[in-house]
Amino acid sequence: MRPLIRAVINSHALRHNLRIIRARAAGARVIAVVKANAYGHGLVSTALALGDADALAVARLEEALALRAAGIGARTLLLEGVFSFGELAEAAHEGLDLVVHDATQIDLLERADAVATRCALWLKIDTGMNRLGFAPREFPAALARIRNLSPAPRELRLLTHLACANERDDQVTRAQLERFRVATRGIDYEVSVANSAGIFGAVPLGCHWVRPGLALYGASPFADCSAQSLGLQPVMTLESSVIAVRHVARGESVGYGGSWVAPRDSQIAIVAAGYGDGVHRSLANGATVLVNGRRAPLTGRVSMDMLAADVSALNGVRVGTPVVLWGEGLPVEEAAQHAGTIAYELLCSVSPRVPLEPR
Ligand SMILES: *Cc1c(COP(=O)(O)O)cnc(C)c1O
């Protein structure tokens, strides 16, 4: 029997999205961001499906080690770098690329002698995100220290991260780019600037390497522009089934707290999907699901293992009828909007009890 709830992963869509990104990024090399279990899509299987990417990126050393343990030897960038000598030694042993964003990380490299020469370094400039990286005024000193490492690092590149690229033609993005241009003037290293929003945004970003995450998974980073209109296809479809059908008389309520009261005699489908699976409680506020491919509004609260949908308008709904929570036919961005969050968070929060299945 198929599991009641499952995240069906379409690796054709993943590769299609990589091709769309490549075309859009006009010759830049593509670093496929697979942190957080590949945004919930499965770290190793996603990395394998994206074998055509020029590199992978993760946030934590453990994620990179899991890739190596699975035999994936691709260039792998640690987006937050390393924080101890032990981590640096492991990263060097695995030949990882390291972001260097803080003076303490340069301290480590200086004390590590030859260890660090096994790593390519990506020096990060903070151009306005104010999260990680050297401020433009600190950057020359940081760069000088990196250049003085002896022996020299295997490779050196520069990167920055955009705070507002998901807003169309944004002044913040233009200001960040200008700061980056000024800080790196006359310095001839390859650079990486764009995340998904940067790649598809209106502001042209010249860079040698792009770092898409969300777009690979077929979701749009823009509120005013669908993934479909960007040519992207959803990779994850979160599917489950109806496990009970109830007739609820007008005036009766459904679920915890009796928060939904039937305005008329209704037919309600109980679906095996809840916040224990990563289907947020806040989704109840006006979201719909697809029951047998047709939209049905949620009714009442989402509970841990179940939710309820009003299927009064639909025929033939019975135990076993398939339900889509998001994915093909129902963009995850739409569900996220109803839940008061972003597609990133819904995708990442699919819980470990939900099996990932290839399409
Ligand atoms: C997560 C991350 C990305 C990918 O961002 P998307 O918006 O998912 O494309 C790129 N760069 C850095 C530094 C990141 O942390």
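The largest cavity in this predicted model has a volume of about 70 Å³. Its lining counts 13 residues. Nearest the centre of that cavity lie Ala165, Thr173, Gly201, Ala202 and Val203. By class, the lining splits into seven nonpolar, three polar and three charged residues.

The second largest cavity has a volume of about 60 Å³. Gly81, Val82, Leu88, Leu98 and Val99 are among the residues that line this second cavity. Val100, Gln105, Leu108 and Leu109 also belong to its lining. In total, three cavities reach 30 Å³ or more.

Now to the domains. The assignment divides the chain into domain 1, residues 11-219, and domain 2, residues 236-358. The C-alpha centres of the two domains are 37 Å apart.

Where do domain 1 and domain 2 meet, and with how many residues? Nine residues of domain 1 contact eight of domain 2. About 750 Å² is buried between the two domains. Carbon and sulfur atoms give 72% of that area. On the domain 1 side, Tyr39, His41 and Leu214 supply 52% of the area buried against domain 2, more than any other three residues.

What of polar links across this interface? Zero salt bridges are found between domain 1 and domain 2. The domain 1 side that touches domain 2 holds four nonpolar and five polar residues, with no charged ones.

Terms used: Residues numbered from 1 in each chain as written. Predicted model: local features only at pLDDT ≥ 70, side-chain atom pairs only at ≥ 80, totals over all residues. Heavy atoms only, no water. Domains from an automatic or database assignment. Contact = heavy atoms within 4.5 Å. Buried area = accessible area lost by both parts, 1.4 Å probe. Salt bridge = Lys/Arg side-chain N within 4 Å of Asp/Glu carboxyl O. Nonpolar A, V, L, I, M, F, W, Y, C, P; charged D, E, K, R; others polar. 1 Å grid on protein atoms, 1.4 Å probe; cavity = no way out; pocket = protein on both sides within 12 Å on 5 of 7 lines; lining within 4 Å. Points joined across faces, edges and corners; volume = space filled by probe spheres on them.
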